[in-house]
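Please take the sequence and the model together, and read the paragraphs below with both in view. They move from the overall fold to the core, then to individual helices and ring pairs.

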Amino acid sequence: MPYTDYINNDYPPREVYRILANWENNPENLWLAKYTGEQVFVCTQTSSDRKYSKESFADFRNKIYSEAVAHSRLPHWGNTGNLPDGRRGKPVSDAGIIEMQLQKAVSNSHDTAFLGSIGFTGPIKEWEAILHKIAFEERGAGNSKDNHNNLYLETISKYGITLLPIENYADDGRLKDFAFCDAALQLAIGRHPKHFMPEILGMAFALEWTGSPSAFRSKKLLKSRGLDTSFYDVHIVSDNPYKGHGRDIVRAIELYLDDVRETLGEEAMQYRWRRIHQCYHTWMVIDSYFEIQLIEHLLVFENTNTAA
């Protein structure tokens, strides 16, 4: 079943978001979080015989990091008009670039929401402590001004964008349905951390390991238009693979898989590695879907603005 079947089902991402962003008012619907996570992973399932070892993991992450760095050096399609699918057009207008940031708001103002229920009580293991560290720092390390979600909203406010409170995002007609796919999944797996722990690790890896080159590419685009880049400046530093969250999540995954091997055996460890790898793939699918839908939306947006 393709991913598009999931987003068109009885619980599309916008509605999932509406419920999970207000879950305390909808406790009877908390089952939807686990259901959503399971359905998304089924719809993005890929067959992989990739077995885990520390050496193969190093090869895998070094390959995708090198690719991300190479991609970050390319001119952004927003500036060239050369779309990823091969179509050629005009560069996106300044108004279109701001519209792009608006559609990214649901995701970026829920930065690492999948860590939302990371708060284990009692003794914790080292890999759990690393997730605590990442979550704590993403939330501002005790300073609301450094909270990544706050920082994104503050950044886009400088572009003239003001949003409703996050629990009411689903009621904002400016935000398109495709903008809710990422945040809906983050909120879903974040509500069941024990059940979805491999997926949480996989999503953290997808976001943090290549977060620095990805942020660098976005920064270049915004800087070329004279727009504030504060949100992306922070991620270039915090997500780097040498001393930031990129390094942290690699260490957490290695420790987690060592722990599973020691307690449950090699087969169980490989099964959880496949789930980690699957969630990385799922994130790539969602990210690609978002970009495709964003491009189509911006083409309409640009035509409408030109006609006006």
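**A walk through the model**

Leu-201 touches Leu-131, Ile-249, Ala-252, Ile-253, Tyr-256 and Ile-276, when residues up to four places away in sequence are not counted, a contact here being heavy atoms within 4.5 Å. This is a predicted model, in which local features need pLDDT of at least 70 and side-chain atom pairs count only at pLDDT 80 or more, while totals for chains, interfaces and linings use all residues. Residues are numbered from 1 along each chain as its sequence is written, and side-chain values use heavy atoms, with hydrogens and water left out.

The protein chain as a whole has 15 helices and zero strands; helices (H or I, at least four residues) and strands (E, at least two) are DSSP runs, numbered from the N terminus. For 308 residues, a compact globule would have a radius of gyration near 19 Å, and the protein chain, at 19 Å, agrees with this; the radius is taken over C-alpha atoms, and the globule rule is 2.2 Å times the number of residues to the power 0.38. Along the principal axes, the C-alpha atoms fill a box of roughly 65 × 45 × 45 Å. Of the 308 residues, 52% count as buried, where buried means under 20% relative accessible area, exposed over 50% and partly exposed in between (1.4 Å probe, protein chains only). Among contacts with a separation of 6 or more, 77% come from residues 24 or more positions apart.

Leu-201 also has a place in the largest nonpolar core, where Leu-201, Phe-205 and Ile-249 touch the most other members out of 90 residues. The largest share of this core, 13 residues, comes from helix α15 (residues 266-307). A nonpolar core is here a set of buried Ala, Val, Leu, Ile, Met, Phe, Trp, Tyr and Cys residues joined through side-chain atoms within 4.5 Å.

Thr-36, which is found in helix α3, is buried with a relative accessible area of 1%; leaving aside its neighbours within four places in sequence, Thr-36 is in contact with Tyr-6, Val-16 and Ala-188. Thr-44 belongs to the loop between α3 and α4 and, at 4% relative accessibility, counts as buried. With neighbours within four places again left aside, Thr-44 is in contact with Tyr-3, Gln-278, His-281, Thr-282 and Val-285.

The buried residues of α12, among them Pro-213, Arg-217 and Leu-221, pack against α4 (54-72), α5 (77-80), α6 (94-103), α11 (197-208) and α13 (230-238). Just after α12, Gly-226 takes a positive phi of about 75°.

How many aromatic pairs does the model hold? Rings of Phe, Tyr and Trp (its six-membered ring) pair if their centres lie within 6.5 Å, with planes under 30 degrees apart counting as stacked, over 60 as edge-to-face and the rest as tilted; by this rule the count comes to 19 aromatic pairs. The rings of Phe-41 and Phe-196 have centres 6.1 Å apart and planes at 55°, so the pair is tilted. Because Phe-41 lies in helix α3 and Phe-196 in the loop between α10 and α11, this pair ties together parts that are 155 residues apart in sequence; both residues are buried. Phe-57 and Phe-205 also make a tilted pair, because their ring centres are 5.6 Å apart and their planes are at 50°. This pair links Phe-57 in helix α4 with Phe-205 in helix α11, 148 residues apart.

Phe-57 is buried, with a relative accessible area of 1%, and Phe-205, at 3%, counts as buried. Ring pairs join Phe-57 and Phe-205 to a cluster that includes Tyr-52, Trp-209 and Tyr-280. The charged end of Arg-61 sits over the ring of Phe-57, 4.9 Å from its centre, and Arg-61 lies over the face of Trp-209, at 5.9 Å from the ring centre; the rule asks for NZ of Lys or CZ of Arg within 6 Å of the ring centre and within 35 degrees of the ring normal.
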